[in-house]
Amino acid sequence: MMSRIVLLHKQLCRLRSFRRHLGKCVFPPFNVFNVRFGSSKWSYDKSSRPEPVRIGCASGFWGDTATSVPQLIYGGKLDFLVFDYLSEITMSLLTASRTKSPNLGFTPDFVHAAIAPFINDIHRKGIRVVSNAGGVNPMACAEAILDVIKKAGLDLRVAVVTGDDLMPHRSSLSAVKVDDGGSSRLPERLHSMNVYLGAPPIRRCLDLGADIVITGRCVDSALALGPLMHAFNWQKTDYNLLAAGSLAGHLIECGAQSTGGIFTDWHKVPDWDNVGFPVVECSSDGSFVLSKPPKTGGLVSFGTAAEQLLYEIADPRRYLLPDVTCDFSQVTIQEIPGVDGGAVRVTGAKGMAPSCDYKVCATYMDGFRATAVCPVGGPRAVEKARRTAESIIKRMRRIFREVELEDFSCVNAQVLGAEDMYGANARTKGSREAVIWLAVYHQQKKALELFSREIAPAGTGMAPGLTGLVGGRPRVSPVLKPFFFFHPKCELKVHIHLDGQLMESLTDAGPDAPVQEAPPTWVDDEPADLPSGTHTYRLEELAYTRSGDKGDSANIGVISRHPLVYPYLKKHLTSSVVKEYFSHLIQPGTDNPVTRYTLPGVHGLNFVLQSSLGGGGVASLRSDPQGKAFGQMLLDLELSGLPDLTSLMDTPEGHMYGVVEAHATSFAPPPPGLPLCLCEEHGPVFLWRTPASQTLRKETAPNQKHLSEGCRDGKEEAEYSNGERKEAADGQCSQSLRALERSGVVSKTWRGLEKWKHHGFQGSPHLGSDDSEVLVSDWGLGQRGGDVTQRSSVSWFSGSRTQRADRRPGPLLSIMLDTLTFLLEKLVILAHVKLSVLLLPPRATRRDLEDASPQPAGAPQRFERGDLLEVPRTLFTHFGIYLGENRVAHLIPDILPLLRADGREIEEMVTNTRLLLGVLSKRASIRVDSVEDFAYGAGILLNAMDRAVVPSPLAGEEVARRAERLVGTVSYSLLWNNCEHFVTYCRYGTAQSLQTEQFCAWLKCLIQDQRNVVLTALLGLLYMACWGISSSTALPALVVPFSLWMAS
């Protein structure tokens, strides 16, 4: 019968793409406060399980291509179209334009190039638009959009968010809170002050029915998060969901940067001229898929998405936004095969309560700047360019003395083509083409006007080969420097306007819950000792990079091309190495100029370089004021003393066993010496077979020990590379592994491999023999070679058969499917319909996400108070909450509390009779037993649901206290109020049962299939033919098909 289910599951897997078009069951909530574990009340919420929402981003900055709009409108199948125009530099430019005219201050491209030509198609397709094109004058932008709508004869509602401008409140801001926690006075000659607003005002505009929403300054990701909060009814305390929505916005906010633009492997990206713009398809649980419209250029892959993930972030565990504090360190990105242009699934974002303050960007006037750009050609071009720049500055200083002007405040003379940006790392010594980049900064405009007139004379009185001035005579422009501070949310009113009318004003009082302390930050957590070698690699051979800016700081994201390389990057690419490489660009005297953070989810490192951009933005005189080239420059860094990493990265994906699907039917052993399994949390650890013995070995990196685990007569054997053999009593080898684990060498995911015998092994396993079995740890390698998504599970390979412990249906569902399959297949033969076509596969269980290796009940305990424990039982999986001191709280059906009042008798072990009668009587007790009594001899899975359930786990102490408060007699329901509801309420704050949801989804699909109407009608006719026509036969024969027809 099991083979029938396996075949059924394989066929049903083909219908996965159809599932999103079906409605989903709505389940009764598990509300312990209304009725203790017994409520059968239903709460129907039509938005509780909506369809996915598609959001496309058509602009990453002011000046982006207008070709993005039609490709997204006609090929994106969008619900929302967003435009991101603003940056600190853009806000400075818009502020300057508004001073010239009160009707300016927004981005006119949005009105005239993005909306006006396509307004009819946007209306016809029902696409709603959200944009921060309002800049510093969103009301003027809205008026321009309303004029476009009026000319088109359409009826669209336009909403505006205002309140981000703090300039009207300048007089009340004598002292402000700054980043270090202290206070500071505002700069003189203040030019602008704008708050980074969040997503709730955008969500409110959409709730009011707006078709187009225009904002001023807000965080870029809010343009996507607002629509998601509106569509899925996410609340302000759903921090994990808000973090996921913010991540979706973060990935698309820069337009084509996530679809192949500025990708490290740019030569692999096709059709730049028609590059596709990003689309995210988001689900209500926070997961989403990033893709682009079909038949467009560009590329969506692990690398392109991971680079954008690290773009312009600092600490990935404390990514501060006004609505949520995000933890992106464990985000995983998995490529989806078979999608035109590529697509990736992104999961793993976590969230915490945000700060009580808004971040504010102020700008202030601080002098003037001018830049001259002059090409130079001919022999010794670099020398001519350098002398020309020096001569111009020397002449200007003499003129300043003559007219009694002060010297330049700052000068940046740079020769493009001479690798001046690289400093001591430059390699080019000479060139026949060069470009002078001469930027100067002065407090008086008059001084720079004199400078501007003295550039052209160099073409006749200095070096030969100076071909002209790029852009003509240098233009003198004001320098607007940024000043960041924090403003209390409770002191700011945000205004919502709809169709020109003020609708309401909002004030954010801060988070409802206390601000949580963010998890500890991993700064320089170098792995344990790794093998060394004689190989040298350029960083580009090992990693992708991308860099960006925040004020005067730059960040460089580095993502390993292969999981096995990641530990070596952590060891060799340290903050001190990066500091030395960029020392010529970092302002002297900066304390701790380079900080490193880790992102294990994507095997990435993030470096933040303080005071490295010469002021940053318009305040910087450099040719790269935003650090755009920093990541590219780092690619040339050489890392030495490494072993042969090329062979690891070139390992074919199919040979890294971890990509075997549930329906795999064959197993080919790897070549001798090829790694079979790996884990890399603290360093590479492999299971592999040696050319000589063909035995499965474990290799640990620090001392090249080879550990071969096998069970011979109840003993484990450790074999080392120097030939030393050691026989030890059962368990001693496991203790050695735990010692390695404590030392940071062996990952915790190897705990399930400590005892072969526990998994049914007899003798030493050998690969390639038909009668042997091999146990491996499957890290769920994605479609990109070596892309680890950290989806640990356990596989048994036996001959040509493969069984996945985490892919089979749940025990309860298996029994139901087994019985129904046998009965219904016999009946539908008359209709020639296969059952496998009628059913959809059950939703993936938590075993698709967690290590399915149970911890033996008798093994040394590693449980912490509040841990979720689960053990397999005959017909189901049983759950409990660990309370500490070897005690477990769990809900179990029990008839005895209804029949006896003797507490001592009730506390005895629940027998099967008591349990079955408790199920029938719908009575249960939440009781506290020892770990041994709870497990009843079975293995224990630890916190296996943490990735399958959307809410993040509560603090362990809070989980345990919830469980302790609920101890006692309760009502019971097999589907709506079982032990799984109990533990999920305690650990995640929301009661749910994955097994119940699987059963309901299957049942609903069965009911919705209209072929069952025909089937039941035929059975009714057969029933009447056999037993005659009467009311007892005709009524069921008519009522059952009719009911199914109405329900389908």
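**Confidence, a sheet and ring pairs in a predicted model**

Biologist: What is the mean pLDDT of the chain?

Modeller: This is a predicted model, in which local features need pLDDT of at least 70, side-chain atom pairs count only at pLDDT 80 or more, and totals for chains, interfaces and linings use all residues. Residues are numbered from 1 along each chain as its sequence is written, and side-chain values use heavy atoms, with hydrogens and water left out. The predictor's confidence in each residue, from 0 to 100, is the pLDDT; 72% of the residues reach 70 or more, and the chain mean is 76.

Biologist: How many contacts beyond near neighbours in sequence does the model have for residues 1–49?

Modeller: Over this stretch the pLDDT is below 50. Where pLDDT is low, the predicted coordinates should not be read in detail. With contact meaning heavy atoms within 4.5 Å, the number for residues 1–49 is 96.

Biologist: Which strands are the edge strands of the open sheet of six strands?

Modeller: Helices (H or I, at least four residues) and strands (E, at least two) are DSSP runs, numbered from the N terminus, and two strands pair if DSSP finds at least two bridges between them. The order in this sheet is E42-E38-E39-E40-E41-E43, with antiparallel pairing. Pairing on one side only marks the edge strands, E42 (941–942) and E43 (968–971).

Biologist: Which helix packs on the sheet?

Modeller: The helix touches strand E39 (877–884), strand E40 (887–893) and E41. Its direction makes about 110 degrees with that of E39, where axes are lines fitted to C-alpha atoms, for helices over the stretch in contact, and angles run from 0 to 180 degrees between N-to-C directions. The helix, residues 956–965, is H26.

Biologist: Is the pair of Phe83 and Tyr85 stacked or edge-to-face?

Modeller: Rings of Phe, Tyr and Trp (its six-membered ring) pair if their centres lie within 6.5 Å; planes under 30 degrees apart count as stacked, over 60 as edge-to-face and the rest as tilted. Here the centres are 6.1 Å apart and the planes lie at 5 degrees, so the pair is stacked.

Biologist: How many residues apart in sequence are the parts tied together by Phe408 and Phe451?

Modeller: These two form an edge-to-face aromatic pair, 6.1 Å centre to centre with 85 degrees between the planes. Phe451 is buried (under 20% relative accessible area, with exposed over 50%, partly exposed in between; 1.4 Å probe, protein chains only), at a relative accessible area of 0%. Because Phe408 lies in the loop between helix H11 (381–402) and strand E17 (410–416) and Phe451 in helix H12 (residues 445–453), the separation of the parts is 43 residues.
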